[in-house]
Amino acid sequence: MSSRLWITATPPASHGELHVGHLAGPYVAADVLSRYLRADGRSVLFVTGTSDHNSSVELRALRDGRKPQEVAEGYRQAICADLLRAGVEFDLITDPRSSAGYRRWVQDLFSRLRADGVIAARTRLMPYCEPCERWLYGAHATGDCPHCGQPCRAGVCHACARPNDSGELLSPRCSLCGTAAVLRRCRRLYLPLEPFRDRLADHWRSSGLPPRVAALCEGLAEDGLPDIAVCHPAEWGLPVPGDDFEGHRIDVCFEDVAMHLYGCWPDHRAAPEETVHFCGAGHVFCQAVLLPVLVLAQGVKLRHSFRVNETLRFEEGGPAGRRPTLWALDLLTEFGSDTLRRHVLQCRPTDGAAPFRHSDLERTRQWLDSTWNDWLGRLFTAVREESAGLVPDAASGGAGWDILHDRLIRTAGELREAYDPRSFDPRRAVALLDEVVRSADDFGHANGYRWHGPVGPDRRGPAIVAQLRVAGALAAWARPVMPEGADRLASALGLPAGRAVGPEALTAPAAGTRLSPPSGPVFGF
């Protein structure tokens with residue numbers, strides 16, 4: 001792989017707080033990849049933004065009797081705080097209303113594409129609500145998808161991921177008042193995809209698309225690549241540059257894709273060499289089709305890959321029969337980032353909707369306590385009781401250590417494969433980490449009798465040092481998944497945080513080092 005890599009995650013719409021589905025979707029998984037690559041010495045740029053100009057923000061404001069900018073600002077702050085609390089560390093979260101030069105940059109891109117003939121005017125039917133006296137676009141219009149028949153909003157169907165022109169919706173209605181819409185002719189700007197057919201086909205072939213994404217792209221190509229509306233008459237959003245479309249705003253799908261480009265190479269001179277895009281299945285059209293079109297239209301060819309997640313299916317109530325707790329802030333407060341991150345990675349939906357149960361999250365916490373934290377607690381106790389809290393001056397050893405050591409070396413390679421961009425599988429990484437802990441725990445129990453018999457320290461020390469080597473490896477190997485606990489473990493061992501995932505991390509602290517175990521659990525709380 002090249003030395004430069006660009007990671008994106010779909011900008012969340014700032015009409016509400018983050019829920020657990022967001023964390024189980026693109027954000028935690030993308031952070032895992034970013035952390036692994038940085039620890040490996042790779043140059044990474046990890047970006048997103050908030051979709052403040054999304055029609056859902058304006059709709060929320062209309063329902064609440066507030067201004068859209070008040071809704072966007074309040075929820076943007078909450079979203080950024082929740083991401084930080086979940087340990088998701090972006091290099092840039094673009095603020096579309098205040099980031100320096102952002103508005104001008106997007107409008108200049110729009111103007112250049114229009115001047116180059118990539119964007120052209122079309123007159124098509126568009127839903128209109130007569131009682132509200134409002135054109136209906138995006139979240140303002142609901143109906144049935146013209147492709148799959150499922151309920152959807154105007155623009156993109158989140159069930160089949162195919163785009164629709166708002167006038168194509170079946171039985172369109174106003175989301176605000178519920179009135180059946182009427183269709184009126186409306187002149188808007190469109191981005192025709194058909195001129196990009198050959199270049200898109202080449203891009204899709206070289207990208208190794210996931211099966212669902214490949215099926216979407218093949219279906220679009222077979223049916224004839226559509227024209228995509230890139231503006232609409234509205235009051236909220238970035239104004240379309242120029243005088244001939246006064247009162248129109250740039251469509252949020254175009255803007256969100258442009259937001260990625262702004263975050264990555266705003267000067268048009270430092271385009272990355274390879275990209276990995278994380279998104280939900282319902283948003284894949286913008287990432288797999290519209291984004292490469294905007295890049296190709298500027299004469300740039302990038303290597304793209306995609307990590308697409310399905311949705312969570314929420315089941316059963318929370319504690320004591322209450323309604324399920326789904327908001328990220330509530331779950332992070334109750335369980336902590338380690339437990340929640342590990343759980344959403346373990347159940348991350350990739351091939352169909354996956355269930356989310358509050359009871360399963362509780363079981364994840366109990367698992368960490370009864371295995372990870374229990375083993376580490378007994379190890380720290382052994383160091384305190386057998387060598388006064390200091391790392392023994394002994395070579396690693398003990399019954400079965402040679403076999404365990406060889407297995408751990410192989411596991412390090414498997415972990416690197418699970419974390420690697422091309423074979424990225426965070427669920428596999430979680431399973432491998434569990435196996436490391438189970439193996440170390442078994443080793444500790446098998447050698448534990450030595451700490452109670454009439455033997456000297458030369459018989460006790462080697463097994464303790466061997467387990468400290470495993471703990472040292474775990475501080476590095478688990479950090480992409482559970483950074484808070486991994487850093488706590490590294491600090492307890494006196495080792496640097498953020499070491500590379502590899503066999504070289506299988507190192508104990510230097511002999512004589514005084515350990516500083518935390519007063520509570522290492523992973524989770």
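A: The link of Cys-253 and Cys-286 is left-handed, with -125° about the S-S bond. In this predicted model, the sulfur atoms of Cys-253 and Cys-286 lie 2.1 Å apart and form a disulfide. The structure holds one disulfide. The pair joins distant parts of the chain, since Cys-253 and Cys-286 are 33 residues apart. Cys-253 belongs to helix H7, which covers residues 252–264, and Cys-286 belongs to helix H8, which covers residues 284–296. Both Cys-253 and Cys-286 are buried.

Other cysteines can be checked against the cut-off. A disulfide needs a pair of cysteine sulfur atoms within 2.5 Å. For Cys-129, the closest cysteine sulfur is in Cys-177, at 3.5 Å, so the two are too far apart for a bond. Cys-129 has 0% relative accessibility and therefore counts as buried.

Cys-145 counts as buried because its relative accessibility is 0%.

To put the parts together: Cys-253 and Cys-286 are buried and form a disulfide. Cys-129 is also buried, at 0% relative accessibility, but the sulfur of Cys-177 is too far from its own for a bond.

Definitions and conventions:
Residues are numbered from 1 along each chain as its sequence is written. This is a predicted model: local features need pLDDT of at least 70, side-chain atom pairs count only at pLDDT 80 or more; totals for chains, interfaces and linings use all residues. Side-chain values use heavy atoms; hydrogens and water are left out. Helices (H or I, at least four residues) and strands (E, at least two) are DSSP runs, numbered from the N terminus. Buried means under 20% relative accessible area, exposed over 50%, partly exposed in between (1.4 Å probe, protein chains only).
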